[in-house]
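Could you walk me through how to read a structure like this one? I would like the general idea for each feature, and then the case in hand.

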Amino acid sequence: MMKTADVASTNGTEPATPKRSAKAAGAVATWADERLGLAKATKGMSLRKVFPDHWSFMLGEIALWSFVVLLLTGVFLTLFFDPSMAEVQYNGSYDPLRGVHMSRAMASTLEISFDVRGGLLMRQMHHWAAMIFIAAMMIHLMRVFLTGAFRKPREVNWLIGCLLLLLGTIEGFTGYSLPDDLLSGTGVRAADGFMKASPVIGTYMSFFLFGGEFPGDQIIPRFYAIHILLIPGILLALITAHLILVVYHKHTHWPGPGKTEDNVVGPPLMPIYMAKAGGFFFIVFGMTALLGGLFTLNPVWKFGPYDPSKVTAGSQPDWYMGWPDGLLRIIPPWETHIWGVTLSWNIMLPILIAPPLLLMVLMALPFIEAWVTGDKREHHLLQRPRNAPTRTAVMAALVTFYGLAWAAGGNDIIAIKMHLSINQITYFLRAAIIIGPILAFIIARRWCISLQRHDQEKLLHGYETGVIVRSPDGGYAEKHLPIDETKAYVLTARDREEVYSPNGSADGTGVAAPGGKRAEVTRKIRAKLSALMFADNVQKPTAEELHEAQHHSEHELHELEHHIATGPNKHGPSSDH
Amino acid sequence: MTTIEPHGHGGQLDPEEPIPNPGLPVHQPRPTDVDPAKEKRAEIQIAALFGLSALCTVLFVVAYFTYDVGDSWHVIGGLGASTVALGATLAGALLFIGIAIIQWARKLMGDHELVEARHPSYSEEADRERALADLKIGYEETGIARRPLVRNSALAALGLVSIGPLVMLRDLGTLPGDKLEHTIWGQGGREIKIVENGKEVTVQVPKMRISRDAIGTPILASDLEIGDLVNAQPEALFNPGRYYLEHADVEGTELQIHKSKASLILLRMEPADIKPGKGREDWDVNGIVAYSKICTHVGCPISLNERTTHHLLCPCHQSTFDLADSGRVVFGPAGRPLPQLPIEIDEQGYLVAQSDFTEPVGPSYWERDYERDRFAEGD
């Protein structure tokens, strides 16, 4: 009989003897090391480096792999695409547009779609991968925020991540515009309007970008250079930095038995993590191929070439541009005419001010939180969203704002599909975009605190078994049983929080803290925010409290057991008679 | 300040902690670790998945050479048999590899969890001191602090050198000038001097006729019924010679630029429905009004007409304009009315523009001087 421990260390029934392939691999490794010193380099990053495992750590991987798919499919497309705005007559395979005048960009897009085998597949995979890339980045960002993974020492990686999101969006917009079709041209026309609305230099920006008056003959080649060279280069550099920092900091992990702030627990890079992550690349690639092959998106051949005098009803940008477009739809018609100049608030607020402001808020969040908590420690254990109610509520407010703005971007579609008045939807959203986030903040915060109370209840009094017991005097009670030790430990594996007191010390001695009037105001603000952040949270019990509560619960349980044994609750035929 | 100290690394248990860390659970072997039959099955399973991937790749190649992409673009929802077949087989080839590798990792590769110690992100004190000392020495050796003249002139030169690349951006495009204030409608009705038989003569260019979009035929006022909405363009885009313009002036990029400013909406309504603005009493012809098709918000072409109310809706951001009331904004984000084109009929009964638009069309911009709109003065 084999002992479990023996099996577990070899993972197989065969004894581990090196095969020929292993020897060959060893020889190659030696050859390489003698020239490149690779083994020395792996001192810093061992091949057996630990990566903790959790499904939510996969979200960033989706973003990474869809970026790789973008590079691969993108290179294929550059082999055929001609980013020229020279006018040609289309004469390819797609009948409905044969004979139509269009730019070389649009014509070569149609050629890729209808005359290059697999060309449409590659175009659609490229577009699908772009949609997934940005979606995955956003969900990954929310995961990082909601679990507190942005805290020291990972703030820089948070900033890099925010920049990646911004650059990904610009990259998406420039790529989407390249086919020079009617829909994307309408988007570029709007972008021209945005530029012209910029104070002082607006028209110059527009004339310089378009190479003269809109639409000019320069915008597609210029977007092309930005799309295939400039931004991908920066993206690649930032993604590399992002990953190097992940390796340097070592990945965060969830609290659990054996996991602490000082260690990292999980399978090794080689072979498990490499296999899982590598396999996952093929899954993401394969899913993109499936979407690209079976689901049309952005059928530019149906829209036709760009013409500044034409537009299709229900014009929508790619999904990630939907929210600024939504703000652009619900903004009231505010325009100021003063001293011979025009200030277009109806464009500046939703496009030139709101999105950059939101990005800056996002980037500042880790630093605001660190300032309020005064926490200078490194954090490697993740937090459940419920255990940081105010932080979770901030994200809920941001998501609500985003969601409402995004819905506003589809106000015409909503009006048509749901038979509503577009005017009323717009008026509703104008109010909701302000009230909604506030409500979401309050609800999410209280919700988290309730969940914390529920956890505390489970910890102190056990879980609800669903067994109702009637006492001899007619009262009813539910039987609670203690949760197992691992679960109980996980519930308590979090920090105790302390509300910051502005008086310089928590004991309230009233000794004036140093600094002038301004420092005092700052301290007061910090104290208010700290109270908002922590004052209502449920703190984990001390060892003594837990012991007392468990003792009490045990006593109650005994009483119930006694009732069950003696009272009318007893199951089965009575043996007394 | 309640600054919380960085974590100690002693691993001491906090007496405040209610439950001590139970430590890593004992490793549980998987069925494939202890049962050779299950192990063999997993092996076959994984090999079969790799096999399926290979099969899909073969099918991919077959599909590539079997289906001709151009001939069948209309089948399967307009995607074409080639695209669908290539997509499905490529997806299979990739997905099966992915599933096989992950299955391999889960079933057969070692599944021991390892524990690695973390180290604080900051450098060792000695390293930090060494780096700071190096920095200090290097800084002192430059003498930057002691030689303000060198420092300041260096800063000035570095600041100035960035002007070079900025200046070079100048040739990216032409300057705006007053281009945004004029459209090709203004080319009709002007006076030009031409040389005829060696003599310079002054010629009155005919007023710009309004043509149907796409086909280019000029529109007779009598062609329009009440309620008709027509997309229109200046006739010069189709017949430049009549307006003493070259073909090159209305081709390619030039054509697109003209269209982005000159595109027009014609609407005929009951003359009694029109509430003409001040100074616009003679801008319509028998209830036919002409407005810029370019939205004053961000420049989308406006297209959706509500027949009963004479309201025109922009499909991009839903700005709504009242064409019976000087193009006033009745709803949505647009900040200005749609510019109206004053029209009349020429001697042959065709609709023509009296002049250019009296204000810039399209989206607002910084230099746009509202006071200069001739409409505001009551032209």
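This is a predicted model: local features need pLDDT of at least 70, side-chain atom pairs count only at pLDDT 80 or more; totals for chains, interfaces and linings use all residues.

Q: Let's start with the domains. Into which domains is chain A divided?
A: Chain A has domain 1, made of 55-101 + 114-383, and domain 2, which covers 449-566. Their C-alpha centres lie 43 Å apart.

Q: How many residues of these two domains of chain A are in contact?
A: On the domain 1 side 9 residues take part, and they are in contact with 10 residues of domain 2 of chain A. Sorted by class, the domain 1 side has 5 nonpolar and 4 polar residues, with no charged residues.

Q: And what are the domains of chain B?
A: Chain B is split into domain 1 (31-107) and domain 2 (181-377). Taken over C-alpha atoms, the centres of these two domains of chain B are separated by 59 Å.

Q: Now the two chains together. How many residues of chain B are in contact with chain A?
A: There are 104 such residues in chain B, and they are in contact with 118 residues of chain A.

Q: Which elements of chain B give two or more residues to that side?
A: Among them are helix H2 (36-66), helix H4 (81-107), helix H8 (252-262) and strand S1 (114-117) of chain B. The largest share, 16 residues, comes from H4(B). By class, the side of chain B that touches chain A divides into 53 nonpolar, 34 polar and 17 charged residues.

Q: Which strand of chain A pairs with S1(B)?
A: Strand S3 of chain A, residues 263-266, pairs with S1(B) in the antiparallel sense over 4 bridges. To find one of these bridges on screen, go to Asn263(A), whose bridge partner in S1(B) is Ala117(B).

Q: Next, helix packing. What describes two packed helices?
A: Two values do: the angle between the axes and the distance between the axes. In chain A, take helix H15 (residues 389-409) and helix H17 (residues 422-461), which pack at an angle of about 150 degrees with their axes 7 Å apart. That angle makes H15(A) roughly antiparallel to H17(A).

Q: Is the crossing of H15(A) and H17(A) left-handed or right-handed?
A: The crossing of H15(A) and H17(A) is right-handed. The residues of their contact divide into 19 nonpolar, 4 polar and 1 charged.

Q: At what angle do the axes of H2(B) and H4(B) cross?
A: The axes of H2(B) and H4(B) cross at roughly 165 degrees and come within 8 Å. H2(B) and H4(B) are therefore roughly antiparallel to each other. H2(B) passes H4(B) in a left-handed crossing, and their contact has 19 nonpolar, 7 polar and 1 charged residues.

Q: On to sheets. What is the strand order in the sheet of chain B that includes S4 and S7?
A: That open sheet has 4 strands in the order S4-S5-S6-S7, with antiparallel pairing. Strand S4 (210-212) and strand S7 (288-292) of chain B stand at the edges with a single partner strand each, so one side of each has no neighbour in the sheet. On average, neighbouring strands of this sheet are turned by 40 degrees against each other, direction ignored.

Q: Over how many bridges do S6 and S7 of chain B pair?
A: Strand S6 (residues 264-268) of chain B pairs with S7(B) over 5 bridges, in the antiparallel sense. Here Leu266(B) has Ala290(B) of S7(B) as its bridge partner.

Q: Which strands form the open sheet of chain B that ends in S11?
A: The order is S8-S9-S10-S11, and the pairing is antiparallel. The twist averages 35 degrees from one strand to the next. Strand S10 (residues 320-322) of chain B pairs with S11(B) over 3 bridges, and Thr320(B) stands opposite Phe331(B) in S11(B).

Q: Where does Trp339(A) lie?
A: Look in the loop between strand S4 (336-338) and strand S5 (341-343) of chain A. Trp339(A) has a positive phi of about 50 degrees, although it is not a glycine.

Definitions and conventions:
Residues are numbered from 1 along each chain as its sequence is written. Chains are lettered from A and ligands numbered from 1 in the order in which they are written. Two residues are in contact if their C-beta atoms, placed from the backbone, lie within 7 Å. Ala, Val, Leu, Ile, Met, Phe, Trp, Tyr, Cys and Pro count as nonpolar, Asp, Glu, Lys and Arg as charged, and the others, Gly among them, as polar. Two strands pair if DSSP finds at least two bridges between them. Axes are lines fitted to C-alpha atoms, for helices over the stretch in contact, and angles run from 0 to 180 degrees between N-to-C directions. Domain bounds come from an automatic or database domain assignment. Angles under 35 degrees count as roughly parallel, over 145 as roughly antiparallel, 65 to 115 as roughly perpendicular and the rest as oblique. A crossing is left-handed if the near helix is turned anticlockwise from the far one by less than a right angle, and right-handed if clockwise.
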